[in-house]
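Biologist: I would like to learn how to read a structure. Could you take me through it feature by feature?

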Amino acid sequence: MTKPPRPPRSKPLLRDETIAMQSGRISSRDPAQPKLPFDPMPDRVEPALALLTESPPVTGDWGWEIKWDGYRLHVHIEGGRVRVLTRGGFDWTSRFPAIAEAARALGPASMILDGEAVVLDEQGKPDFNLLQKSLGASGQKIGNRASPALFYAFDLLYLDGHDMRQVEYRARRHLLEEALRGHDGAILLSEEVDADPAQLLAHACSLGLEGIVGKRQGSPYRSGRTGDWIKLKCIQSHAFIVVGYEPSTASRAGFGSLLLAAYRNEDLVCVGSVGTGFKERDAMQLRKKMDKLPWRGKQPPVTYSDKRNLVWLQPTLIAEIEYRAWTADEKLRHPSYKGLREFQDNAAVYRFDRQE
């Protein structure tokens, strides 16, 4: 015997097709129900900076990683849009296309990554000079080069509607590792190394690296140089202002050394000269830049008692200089020229009143 068909389990959507469809009444929100927080993505975040120390701390819970020799960047990812911002807040997205492409691949999540753009040499070590050349920073106009640099991410400031800056570092680090897991391309994780910092520093120095960085595991993300982040360097390196040069007939570029200055309060003071580290092509391009910046004042831009013949310049060029130590009269010992810093990079010029 055939069974009769079963009636439908659901009621007809409309009993009367002439009646308009209506939704149910929306009830008022229960005030006891917790609200889901949502933080708008900040347009820009002032970066946290590492305080230079001579030795690692003996107490506290710290995380350690390699110090990268490059340009500090923040990568903003939101709604498919990517912005690559320099330390000074300038948009350099077009200059780092590989990093921007890798950032888009991290979507649809929204985030702000903190890290360093570097170019590696043939031995796999960061090379600041190669980075500058890839950007055309040795004398060509800004924006006409696209760098193949890699971005080593070491912090996560924002994630999917949540401002992470008040979250302790160890938790931000964990979320950063999860966000980058399984992704290839130009954005890489700056690995945290579980090792004694003194031994790690010695190993970094033996490999020719710049140094190491330590971060308090329980600290929030605070802009500026607060001491939550510290750095230990193998070789000292800072930015100084070029205030003049010594002419030379032996060099094709026409100069033998650059005169450098640092700040003491609001005044520029001479810290000596640098005559090594120049490659011929870079020196030629540097000379072209200096020829456009003659000093017009009656007195030199810094107090100077030496009798050498010098050509004074407007104090606008900023050079990155490696050096071993300071002399007793506050001059650089064994300085070497690494390259020019760009205005948009907002490099901190050395200050005697606020050492880095």
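Modeller: We will go through a disulfide, a sheet, a cavity and a pocket.

Modeller: This is a predicted model, where local features need pLDDT of at least 70, side-chain atom pairs count only at pLDDT 80 or more, and totals for chains, interfaces and linings use all residues. Residues are numbered from 1 along each chain as its sequence is written, and side-chain values use heavy atoms, with hydrogens and water left out.

Biologist: How many disulfides does a search of the whole structure find?

Modeller: A disulfide is a covalent bond between the sulfur atoms of two cysteines. The rule here is a pair of cysteine sulfur atoms within 2.5 Å. The search finds one. It joins Cys 205 to Cys 234, with S to S at 2.1 Å.

Biologist: Which parts does the pair tie together?

Modeller: Cys 205 lies in helix α4, and Cys 234 lies in the loop between β11 and β12, so the bond links parts 29 residues apart in sequence. Helices (H or I, at least four residues) and strands (E, at least two) are DSSP runs, numbered from the N terminus.

Biologist: Why is the disulfide called left-handed?

Modeller: Because the torsion about the S-S bond of Cys 205 and Cys 234 is about -95 degrees.

Biologist: What about Ser 206?

Modeller: Ser 206 is found in helix α4, residues 197–206. Its relative accessibility is 55%, so Ser 206 counts as exposed. The side chain of Ser 206 reaches the backbone oxygen of His 203 at 2.6 Å. The C-alpha atoms of Ser 206 and Cys 234 are separated by 9.0 Å, though the two are 28 residues apart along the chain.

Biologist: What is the order of the strands in the open sheet?

Modeller: Strands of a sheet pair through backbone hydrogen bonds, either parallel or antiparallel. Two strands pair if DSSP finds at least two bridges between them. The open sheet here has five strands in the order β1-β11-β10-β2-β9, with mixed pairing. β1 (51–52) and β9 (192–193) stand at the edges with a single partner strand each, so one side of each has no neighbour in the sheet.

Biologist: How many bridges join β2 to β10?

Modeller: Five bridges join β2 (residues 62–66) to β10 (residues 211–216), and these strands run antiparallel. Glu 65 stands opposite Val 213 in β10.

Biologist: What volume does the largest cavity have?

Modeller: The largest cavity holds about 550 Å³ of space. It is lined by 30 residues, and Lys 67, Arg 72, Arg 87, Glu 116 and Lys 231 are the closest to its centre.

Biologist: And the largest pocket?

Modeller: The largest pocket holds about 480 Å³. Its lining has 25 residues, with Asp 69, Pro 126, Phe 128, Glu 322 and Lys 338 nearest the centre. β19 gives the largest share, three residues.

Notes
On a 1 Å grid over the protein atoms alone, a cavity is a set of points where a 1.4 Å probe fits but cannot get out, and a pocket is an open set with protein on both sides within 12 Å along at least five of seven lines; lining residues have an atom within 4 Å of a point. Grid points are joined across faces, edges and corners, and a volume is the space filled by probe spheres set on the points. Buried means under 20% relative accessible area, exposed over 50%, partly exposed in between (1.4 Å probe, protein chains only). A polar contact is a pair of N or O atoms within 3.5 Å; within protein, one must be able to donate a hydrogen and the other to accept it, and residues adjacent in sequence count only if both atoms are side-chain atoms.
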